[in-house]
Amino acid sequence: MMMRQLFLVFLLLHGAAAAGNQSAAKPAAGDIPAKAKPAPAKPQAAQWKTLSGNAPLVIARGGFSGIFPESSQFAYQFALATSLKETVLLCDLQLTKDGAGICRSDLRLDNSTTISTVFPKRDATYSVNGQSLKGWFSLDFTMDELISNVTTIQNIFSRPSLFDGNLPVSSVQDISGFHPSRFWLNLQYGMFYKEHKLDPAKFILTALEKMDFDYISSPEIDFLKSLNGKLGQAKTKLIFRFQDEEEVEPSTNQTYSSILKNLATIKSFASGILVPKTYIWPVSKDMYLESATTLVTDAHNLGLEVHAYNFANDQPVSYNYSFDPTAEYLQFIDHSNFSVDGVLTDFPSTASAAVACLAHNKDSAASNKKRSLIITRNGASGVFAGCTDLAYQQAVKDGADIIDCSVQMSKDGVAFCLDSADLMGDTTAVDSFMSRSASVPEIQKNNGIFSFDLTWSEIESLKPLLANPLSSANLVRNPAAKNQGKFMTLAKFLDFAKNSTVSGILISIENAPYLASKKGLDIVNAVSSALINAIYDKQTTQKVLIQSDDTSVLSMFKNNSSYKRVFKVEETISDASKSAVDEIKKYADAVVVAKTSLISISNSFLTGFTAVIDKMHAANLSIYVSGLRNEFVSIPFDCFSDPLVEMATYATGLGVDGIITEYPATASAYFRSPCSDVEANLPFTILPVEPGSLLKEAQPEVLPPAQAPAPALDAGDIGDPPLPPVVKVSETAPVAAPASSPTHPSGQPAKAANAALCLLMVMLSFII
């Protein structure tokens, strides 16, 4: 009971903030404003292409079932607190042995409750629409047996299980008691219950005497017809629910695809239809969108509402959306020709953001208020192969402020853009140059095919390769474009950037000591010369950021005041000593850190803010955060598998000065949205997350053990020795550092490795 009371307090606080009372929120900071653009116009009433002309409905399936066990009271409460005020709560009706109604989406209770543990011997087998199903069914239990003994569990394994076993089964009356703006009852198996002498229609008609149902849906035509003319003065809309096209509707024995061909017949017994989203936007077997059907337009012409279902942030459907769930919603509600009348979702807060914040907003400019910069990582590398012409073109189109080039060197001294000196991850080098692979422990542990061992013409002969950093979770990026695009030299990158609309460029330099001392390549001079040749050293229109994890590299650019130097912290840190911050200040104006250095994460839950950003800002150091991606497995549960919520947490909640992303379109959509301004008085706002707020609602005994904090950044981690002179290749010593030698945080070999080499030379001399 105490946990429930605490949770309700949290919900009330969150709901009040969502309503626009956010004066205490920390505003986002940004040291380099975007190019001057007109301020976004005050939001006006949108012209929706729904049947009614009003905004489409957000329908919460079992409440906020993307986080809490579906149809639990917490799930419904959380949906109301985090979503639009008009959000509809949907209950999938199941009937108990004594004719009461509970909310569960699955006919078999063992898939989403603890019933098989509580009543291990009371399973049964029933024929349901011609299929034999074995499990635990609500019609074999009284309401009291279920409410008093059985609790709910998460039935999708990729979602959090911390709340399993804590929340009781919900009755229809429980959900009605929350007084939702609208209440939707869905009956999936009316014929099954009638076969077992339970009457769903009778339950509904009796319940209507005490509560309101705004919508009643079913995939069974006879059930909907049985309610016609019996609803009295109730303004309940009947909705016919379509199943998969080849499934058979039990009343008529027709497939749903056959019924779809004659929509006019539905108008005689229903006000609208509820369809799988693929009925509207089919998806090919390769997971790309096909052309939209005319279903929405055809139904609207008949006066039928169209609602779509199967929306969930953690179930990607098409590569067209680049793992951004709001992009999918917009495809259905903000199309130039139509808008569905409602979306049924497991994540109602994300659907709310799409409706209230992003729709009718494609051509809006990002706010000219000071805000976090949108900085790319290898261009729009979530869509095209990183550092290619297509990735950079897409980044500019998507609204990036700063585009980046990680500079690598070819054997013949050509500077070009690529994420890593190892060509194996970002090119097709394995197919052509595997014999040239080598071990370079100063750069990485594993063997690689390195750019400095191939000429530029050899590198140009390769194809780019779109990286898939989360392929272990079976999440693959845009495979149709995996080898598209051309590599860009640094000179061509600078020329492209100079003629684009971006506010600046970021040039990243790594491995300078190794390239100079082992390969005779001066990467620092190559970058400096390219910038001078492109007149970036004198112009002020676009900002120039020079990034490195090596302080000696940054020192080489200190005399040009028009360049901003950025120190990259490679490791995750939990704190930074004052001496470390002071040391960084000697070399840099800004710092890049991983997102886990600003907010600690344990088992995919946010646990707390670190002090890193406050200490950097206190020293007047800008801070850019890296590691934000759209793929849901990379996003903490607290952010609801929603990249916009994670972005709001860092940009608005923490006030970072820049967000480094592989998906600049998502960041741009957030900053174009009026909901990114926490000071605006809007009916809905994309709120930052308070770390630890969800974990507080779990029972202490199920919490995972606390993880040890990451190390703090100390002054000794910062400084690097001066860059070695650039040697002629013939002078390069043939002895390589041992593979097991430790490395300095900057990537240079530690003193221990140098000592080991000296000892080896002494031993060899003694033997000789």
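**Aromatic rings in this predicted model**

Arg-122 lies over the face of Phe-119, 5.0 Å from the ring centre; a charge counts as over a ring if NZ of Lys or CZ of Arg is within 6 Å of the ring centre and within 35 degrees of the ring normal. Welcome to a predicted model, where local features need pLDDT of at least 70, side-chain atom pairs count only at pLDDT 80 or more, and totals for chains, interfaces and linings use all residues. Residues are numbered from 1 along each chain as its sequence is written, and side-chain values use heavy atoms, leaving out hydrogens and water.

**Charge over a ring**
- Lys-277 also sits over a ring face, that of Phe-311, at 4.9 Å from the ring centre.

**Ring pairs**
- The structure holds 30 aromatic pairs (rings of Phe, Tyr and Trp, the last by its six-membered ring, with centres within 6.5 Å; planes under 30 degrees apart are stacked, over 60 edge-to-face, the rest tilted).
- Phe-68 and Phe-78 make an edge-to-face pair, because their ring centres are 5.4 Å apart and their planes stand at 70°.
- Both Phe-68 and Phe-78 are buried (under 20% relative accessible area, with a 1.4 Å probe and protein chains only).
- Trp-281 and Phe-338 have ring centres 6.4 Å apart and planes at 40°, so this pair is tilted.
- Trp-281 is buried at 9% relative accessible area, and Phe-338 is buried at 4%.

**A cluster**
- One aromatic cluster is formed by Phe-64, Phe-68, Phe-74, Phe-78, Phe-163, Phe-347 and Phe-640.

Definitions and conventions. Buried means under 20% relative accessible area, exposed over 50%, partly exposed in between (1.4 Å probe, protein chains only).
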